[in-house]
Amino acid sequence: MTGRTRGTSAGLDRARIAAAAVALVDRDGLDRFGVRRLADDLGVDPMSIYHHIKGKAALLDAVSEAVIAEMAAGAEEVTGGWEQVARRTAHDYRRMAYRHPRVFPLLALRPQGSPVALAALERLVAAMRDAGLPDRVTADAPMALFAFLNGYLLAVLSGDPAGPAIDAADHPVMAALAPLQADFGSPAEFDRLLDTVLSGIRDRAERHEAR
């Protein structure tokens, strides 16, 4: 343990630990993430980390919270209706995922209940309610939006941009459509699919009001 410090003398706080943990996952991936490796990066005894964050699960939550917090910059400045808020949220989420592709599975596969995550959802649903969307549609919208975002971004960040080889003899329609899917992972494709999700929310709200 030579060269390591303990407790408050190490100058640790939750924010510094979380930032170092994000950097460690960005560099080495989740499979190699651990408290001892994090302590090595910080130059402290592992027990100093536990003084601030209780256990590996809590550390992973702190990592998720730290990267979601990157989305908060400028989020309050979004003007316009609920669709503008949803688009800004989606694009900020995509940019964050591309900055931290090795961290992103934490966000997609673990429940996110941190204050910054809940604040982002509150901005979205408040904008929808202010626009007069039915509460049933508003309540379902975050699940629909983030099911798309998480599934799509996981596929893009972990998949092969070239996609699978398609035999036209076995799958003629898929082969015919393949050129239209050549921009897999592109901003243009993201916007098209996001349009589909938001159009579905808008159409459902209109059908609900027409009843």
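This is a predicted model: local features need pLDDT of at least 70, side-chain atom pairs count only at pLDDT 80 or more; totals for chains, interfaces and linings use all residues.
**View 1. The crossing of helices α1 and α4.** Helix α1 (residues 14-28) and helix α4 (residues 56-69) have axes that come within 9 Å and cross at roughly 85°. Because angles of 65 to 115 degrees count as roughly perpendicular, α1 and α4 are therefore described as roughly perpendicular to each other. On the α1 side the contact is made by Arg 14, Ile 17, Ala 18, Ala 21 and Val 22, which meet Leu 59, Ala 62, Val 63, Glu 65, Ala 66 and Val 67 in α4. Sorted by class, this contact of α1 with α4 comprises 9 nonpolar and 2 charged residues, with no polar ones.

**View 2. The aromatic pair of Tyr 93 and Phe 146.** The structure holds 5 aromatic pairs, and one of them joins Tyr 93 to Phe 146 in an edge-to-face arrangement, with 5.1 Å from centre to centre and 85° between the planes. This pair links distant parts of the chain, since Tyr 93 belongs to helix α5 (residues 82-99) and Phe 146 to helix α8 (residues 135-158), 53 residues apart. Tyr 93 and Phe 146 are both buried.

**View 3. The aromatic cluster around this pair.** Together with Phe 104, the residues Tyr 93 and Phe 146 form one aromatic cluster.

Note on methods:
Residues are numbered from 1 along each chain as its sequence is written. Side-chain values use heavy atoms; hydrogens and water are left out. Axes are lines fitted to C-alpha atoms, for helices over the stretch in contact, and angles run from 0 to 180 degrees between N-to-C directions. Helices (H or I, at least four residues) and strands (E, at least two) are DSSP runs, numbered from the N terminus. Angles under 35 degrees count as roughly parallel, over 145 as roughly antiparallel, 65 to 115 as roughly perpendicular and the rest as oblique. Contact means heavy atoms within 4.5 Å. Ala, Val, Leu, Ile, Met, Phe, Trp, Tyr, Cys and Pro count as nonpolar, Asp, Glu, Lys and Arg as charged, and the others, Gly among them, as polar. Rings of Phe, Tyr and Trp (its six-membered ring) pair if their centres lie within 6.5 Å; planes under 30 degrees apart count as stacked, over 60 as edge-to-face and the rest as tilted. Buried means under 20% relative accessible area, exposed over 50%, partly exposed in between (1.4 Å probe, protein chains only).
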